[in-house]
Amino acid sequence: MSNVKEKTPVGGGCARDVISKTVTVCCRQKVPSCHVFILLLLLLFSLGASHMEFIESHSEFSCEPIRLRMCQDLPYNTTFMPNLLNHYDQQTAALAMEPFHPMVNLVCSADLRMFLCALYAPVCTEYGRLSMPCRAICQRAKDECHKLMEIFGVAWPEDMECSRFPECNEPYPRAEDLLTGSEPTDQSSMTVQRDYGFWCPRELKVDPDLGYTFMGRKDCSAPCPSMFFNQQELTFIRYFIGVVSIVCLSATLFTFLTFLIDVTRFRYPERPIIFYAVCYVMVSLVFFLGFLLEDRVACNAVSLAQFRASTITQGSHNKVCTLFFMILYFFTMAGSVWWVILTITWFLAAVPKWGSEAIEKKALLFHAVAWGLPGALTVSLLALNKIEGDGISGVCFIGLYDIDALRWFVLAPLCFNVAVGVSLLLVGIVALNRVRMEIPLEKENQAKLVKFMIRMGVFSVLYLAPLFTVIGCYIYEHTYRSIWETTWMDENCRRYHIPCPYKVEETSKPAMVLFLIKYLMMLVVGIPSVFWVGSKKTCFEWANFLHGRRRKDGVNESRQVLQEQPDFAQSLLREPNTPIIRKSRGTSTQGTSTHASSTHLAPSSVHSKASYHGSLRRTRDDRSDSLAHRGTPDRNLHGSMPRLDHPLSTHSSLHKMDSYSRHSSQRDISEASPTLITHGTMGSDGQAAEKDGTNA
């Protein structure tokens with residue numbers, strides 16, 4: 001294998017002799033400007049020598065002839081790549097050796113050249129065995145060349161520290177290193193048994209200032225458009241995403257436009273559904289734009305001059321990709337938070353019996369949380385430079401190649417929101433079911449309550465089923481990502497001329513159906529919002545809107561059912577034969593509160609209470625008249641009634657109304673005509689009811 005030749009210093013001749021004598025004179029006479037002159041001569045000499053080398057990268061991870069000019073005429077003539085300093089080809093090793101050319105040419109140490117070649121072009125020994133230089137050789141070379149390296153400003157590299165090498169004092173190469181039975185060839189199958197990890201191919205390298213990372217290697221990026229799918233599969237996935245994004249965009253946009261037709265229809269506790277739909281309008285819009293643009297945003301362009309292939313874009317240098325990421329991530333997280341707020345409002349309406357106005361007073365807090373937390377996460381990811389292009393869908397997101405970002409910025413927030421939302425949802429459903437069991441005589445309201453519970457349950461299932469599927473896909477991708485990358489490296493290592501993986505025990509590629517399900521569920525999760533607005537009332541509102549007619553509507557049925565439920569604590573503590581006293585939580589826009597600290601009773605609450613006991617009846621049209629006579633106490637058929645706007649709590653006001661109406665309720669029933677009073681705006685029915693009360 002080896003042809004032993006006499007060791008001769010590289011770079012001999014007149015140039016070397018002149019430089020050597022000049023250095024000697026300068027050191028003895030301490031000429032001030034001599035060092036600069038020597039540095040220029042050596043720089044020109046080393047550059048000329050390096051350009052004379054003929055270097056080419058290895059074709060396979062095997063023994064190959066030494067092409068480094070500094071390491072010619074050694075006792076061995078074959079090496080292997082990657083070398084002991086993890087240079088994966090001889091061209092990279094030659095560039096790393098350039099700073100040592102002056103010291104080798106000046107022969108500051110007899111051991112320096114052999115020591116450098118032992119690291120940059122180690123001897124290729126028998127199958128599976130490595131040979132490293134002794135620590136004594138390293139120490140002698142370092143000590144003897146230390147002063148000259150200081151003159152040229154060259155520091156001893158950390159990866160060449162002598163403590164890393166075995167304690168011995170033998171020459172390199174050893175006698176057993178030269179024992180082999182075959183001549184080296186470029187097609188040798190002698191593979192070195194070492195695990196070198198992933199080496200970034202030249203085609204996938206990017207500029208260092210961009211901060212890219214791929215499979216643990218800096219200044220490297222993944223191939224675009226995809227590592228795992230061919231062009232035919234990519235085309236099918238893209239059209240699939242395009243169709244689903246159009247469906248989701250249509251459904252969520254219909255929900256939002258229905259809200260704009262009548263903004264008073266959807267109030268709390270169902271108002272968060274509208275903001276939830278707005279979030280997925282933006283999400284589906286970004287996916288649709290990604291379908292139109294294909295990989296023009298998510299991928300870097302090919303650079304033939306720099307021998308670079310198309311790679312996945314990372315970071316915030318691509319402005320359009322950054323914008324896509326900000327919209328997609330922000331509204332995805334905001335939609336998840338709005339669903340949690342929706343369960344909170346249902347909980348407040350079902351358990352502590354908060355009314356619409358009481359919940360609406362917390363709207364500012366809801367908006368601060370729903371938009372603030374996703375905004376903080378988005379800014380954090382921008383600061384960490386974690387943006388990644390998705391060559392499959394054409395958008396930009398996180399966690400596509402960075403597993404840590406997927407774990408902490410996608411899976412953790414989604415799982416936390418699901419846990420909180422499901423807990424509140426179950427508590428609210430249980431509370432509503434217990435209330436339903438406590439009002440067996442209220443058949444109409446009981447049917448409405450059951451209907452509301454069914455709608456709430458179906459909406460939650462339609463939201464949670466896709467969300468759980470997306471989380472499952474993310475977890476599966478998080479678990480098998482390393483295996484997929486190892487399989488890709490094993491299949492493409494010879495194509496990219498990089499080391500192949502060591503002892504591959506398991507290979508696997510992702511199934512296309514997994515990515516189809518993931519993208520489908522990411523978009524389908526926004527469609528359940530249209531289920532909540534899908535009713536005959538919505539059809540009538542759209543018909544009136546298209547014909548130019550506006551129709552004033554009453555209180556939303558689901559909100560009315562929640563507000564007309566009896567107090568839950570009262571229903572549990574009442575006697576078996578005691579009638580349930582209903583407490584309306586109010587639906588007017590005058591800010592009625594159900595807390596004990598409230599100081600006003602809304603007029604709509606007065607209507608509801610009066611309709612239950614057969615006492616005071618007043619329409620909203622007469623509010624202006626009543627304000628003019630606040631100094632005179634109002635009187636009705638049964639006696640006097642104190643002022644309703646007196647600064648008393650809601651509960652005390654209701655108690656006084658009960659005491660005034662309880663004495664004459666039997667006589668009122670026989671005299672007053674049966675009139676049904678409902679919440680909301682009262683038209684001709686309210687006026688007829690007032691006339692009946694006046695006549696009575």
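## Backbone exceptions

Lys 353 is buried in this predicted model, with a relative accessible area of 3%. The residue sits in the loop between α9 and α10 (356–360). Val 107 belongs to the loop between α4 (101–105) and α5 (112–120) and is partly exposed, with a relative accessible area of 44%.

Most residues other than glycine have a negative phi, and most peptide bonds are trans. A cis peptide bond joins Tyr 172 and Pro 173, with omega about 0°. Pro 173 is placed in the loop between α6 (135–151) and β3. Another cis peptide bond, with omega about 20°, joins Tyr 268 and Pro 269, and Pro 269 is found in the loop between α7 and α8.

## Helix α7 and its contacts

Two packed helices are described by the angle between their axes and the distance between the axes. For helix α7 (residues 231–261) and helix α16 (residues 536–546), the angle is about 65° and the axes are 10 Å apart. That makes α7 roughly perpendicular to α16. The crossing of α7 past α16 is left-handed. On the α7 side, Phe 254, Leu 257, Thr 258 and Ile 261 make the contact; on the α16 side, Thr 538, Glu 541, Trp 542 and Phe 545 do. By class, this contact of α7 with α16 has 5 nonpolar, 2 polar and 1 charged residues.

Thr 255 also lies in helix α7. Thr 255 is buried, with a relative accessible area of 0%. Leaving aside residues up to four places away in sequence, Thr 255 touches Ile 274, Ala 277, Ser 529, Val 530 and Val 533.

Helix α9 (residues 319–350) packs with helix α11 (residues 363–384) at an angle of about 150°, and their axes are 8 Å apart. The crossing of α9 and α11 is right-handed. Residues making the contact include Phe 325, Tyr 329 and Trp 338 of α9 and Phe 366, Trp 371 and Leu 381 of α11. The contact of α9 with α11 divides into 18 nonpolar, 5 polar and no charged residues.

Between α8 and helix α14 (residues 512–524), the packing angle is about 145° and the axes are 9 Å apart. Here Tyr 280, Val 283, Ser 284 and Phe 287 in α8 meet Tyr 519, Met 522 and Leu 523 in α14. The residues of the contact of α8 with α14 comprise 6 nonpolar, 1 polar and no charged.

## Aromatic pairs

With ring centres within 6.5 Å counted as a pair, the count comes to 33 aromatic pairs. Phe 214 and Tyr 401 form an edge-to-face pair, 6.3 Å centre to centre with 80° between the planes. Phe 214 is in strand β3 (residues 213–214) and Tyr 401 in the loop between β6 (396–397) and α12 (403–438), 187 residues apart. Both Phe 214 and Tyr 401 are buried.

The rings of Phe 275 and Trp 338 are stacked, because their centres are 4.7 Å apart and their planes are at 25°. Phe 275 lies in helix α8 (residues 272–293) and Trp 338 in helix α9, so this pair ties together parts that are 63 residues apart in sequence. Phe 275 and Trp 338 are buried.

One aromatic cluster is formed by Tyr 276, Tyr 280, Trp 339, Trp 346, Phe 459, Tyr 463 and Trp 532.

Methods: Residues are numbered from 1 along each chain as its sequence is written. This is a predicted model: local features need pLDDT of at least 70, side-chain atom pairs count only at pLDDT 80 or more; totals for chains, interfaces and linings use all residues. Side-chain values use heavy atoms; hydrogens and water are left out. Axes are lines fitted to C-alpha atoms, for helices over the stretch in contact, and angles run from 0 to 180 degrees between N-to-C directions. Helices (H or I, at least four residues) and strands (E, at least two) are DSSP runs, numbered from the N terminus. Angles under 35 degrees count as roughly parallel, over 145 as roughly antiparallel, 65 to 115 as roughly perpendicular and the rest as oblique. A crossing is left-handed if the near helix is turned anticlockwise from the far one by less than a right angle, and right-handed if clockwise. Contact means heavy atoms within 4.5 Å. Ala, Val, Leu, Ile, Met, Phe, Trp, Tyr, Cys and Pro count as nonpolar, Asp, Glu, Lys and Arg as charged, and the others, Gly among them, as polar. Rings of Phe, Tyr and Trp (its six-membered ring) pair if their centres lie within 6.5 Å; planes under 30 degrees apart count as stacked, over 60 as edge-to-face and the rest as tilted. Buried means under 20% relative accessible area, exposed over 50%, partly exposed in between (1.4 Å probe, protein chains only).
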